[in-house]
Amino acid sequence: MNTHRMTVQHFAAVAALFVAASVIAGCLTTQNAMPTAQQLVDMGLVDADADVQALHKGRALAMTACIECHRTYFPQEYHPARWPHLAEEMGEMSNLRPDQIRALRAYMVAASKTARAQEPVDADE
């Protein structure tokens with residue numbers, strides 16, 4: 001009976017560690033998928049005249065306003081050329097102000113370009 005108890009305790013400990021690791025990994029993945037405005041600038045892939053404050057606001061909107069209606073769409077899920085139309089359409093449906101739509105568009109385009117620039121190049125292509 002004592003052996004069974006240890007097995008159950010061991011299983012519970014392993015399950016708890018797995019859950020904790022999954023949560024941490026999920027947070028890291030989300031953080032990397034939604035880089036901060038400063039990370040975009042530091043990577044050197046954003047235009048030198050980029051409005052860092054607008055990028056910051058756009059990221060905040062993507063992580064708050066957008067998820068009121070649907071799941072989080074990460075910048076790399078769409079080509080940078082698609083984001084202006086998507087930001088405009090969704091922003092209007094969400095009653096975002098024009099300056100908020102511009103900020104959202106700027107962030108999603110910049111982050112999508114950055115993600116695509118970091119994708120590994122396939123040697124076969």
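The protein chain contains five helices and zero strands, where helices (H or I, at least four residues) and strands (E, at least two) are DSSP runs numbered from the N terminus. Read from the N terminus on, the order of its elements is α-α-α-α-α. The structure is a predicted model, in which local features need pLDDT of at least 70 and side-chain atom pairs count only at pLDDT 80 or more, whereas totals for chains, interfaces and linings use all residues. Residues are numbered from 1 along each chain as its sequence is written, and side-chain values use heavy atoms, with hydrogens and water left out.

Confidence is expressed as pLDDT, the predictor's confidence in each residue on a scale from 0 to 100. The mean pLDDT of the protein chain is 79, and 68% of its residues reach 70 or more. Among the elements, helix α1 (residues 2–33) has the lowest mean pLDDT, at 55, while α4 has the highest, at 95. Over residues 19–31 the pLDDT is below 50, and beyond near neighbours in sequence this stretch has one contact in the model, contact meaning heavy atoms within 4.5 Å.

Of the 125 residues in the protein chain, 26% are buried; a residue is called buried under 20% relative accessible area, exposed over 50% and partly exposed in between, with a 1.4 Å probe and protein chains only. Among contacts between residues at least 6 apart in sequence, 70% join residues at least 24 apart.

Helix α4 (residues 83–93) has buried residues at Trp83, Leu86, Ala87 and Gly91. These residues lie on the same side of α4 because they cover an arc of only 120° around the axis, the arc being that of the directions from the helix axis to the C-beta atoms. On the other side of α4, His85 and Met93 are exposed. The cover over the buried residues of α4 includes helix α5 (98–117). Just after α4 comes Asn95, which takes a positive phi of about 60°, a positive value in a residue other than glycine. Asn95 belongs to the loop between α4 and α5 and is exposed, with a relative accessible area of 68%.

Helix α5 also meets helix α3 (residues 52–64), and the axes of the two helices come within 7 Å and cross at roughly 90°; here axes are lines fitted to C-alpha atoms, for helices over the stretch in contact, and angles run from 0 to 180 degrees between N-to-C directions. The helices α3 and α5 are therefore roughly perpendicular to each other, given that angles under 35 degrees count as roughly parallel, over 145 as roughly antiparallel, 65 to 115 as roughly perpendicular and the rest as oblique. On the α3 side the contact is made by Ala54, Leu55, Lys57, Gly58, Arg59, Leu61 and Ala62, and on the α5 side by Gln100, Ala103, Leu104, Ala106, Tyr107, Met108 and Ala110. By class, this contact has 10 nonpolar, two polar and two charged residues, where Ala, Val, Leu, Ile, Met, Phe, Trp, Tyr, Cys and Pro count as nonpolar, Asp, Glu, Lys and Arg as charged, and the others, Gly among them, as polar.

Two further residues of α5 can be described individually. Ser112 is located in helix α5 and is buried, with a relative accessible area of 0%. Not counting residues up to four places away in sequence, Ser112 touches Pro75, Gln76, Tyr78, His79, Pro80 and Trp83. The C-alpha atoms of Ser112 and Glu77 are separated by 7.7 Å, although these residues are 35 residues apart along the chain. Thr114, which is likewise placed in helix α5, counts as buried at 1% relative accessibility, and outside the four places on either side in sequence Thr114 touches Leu40, Met43 and Leu45.

Asp47, in the loop between α2 (37–42) and α3, counts as exposed at 56% relative accessibility, and its C-alpha atom is separated by 8.6 Å from that of Ala110, 63 residues apart along the chain. Ala65, in the loop between α3 and α4, counts as buried at 16% relative accessibility. Leaving aside neighbours within four places in sequence, Ala65 is in contact with Ala60 and Leu96, and the C-alpha atoms of Ala65 and Gly91, 26 residues apart along the chain, are separated by 9.0 Å.
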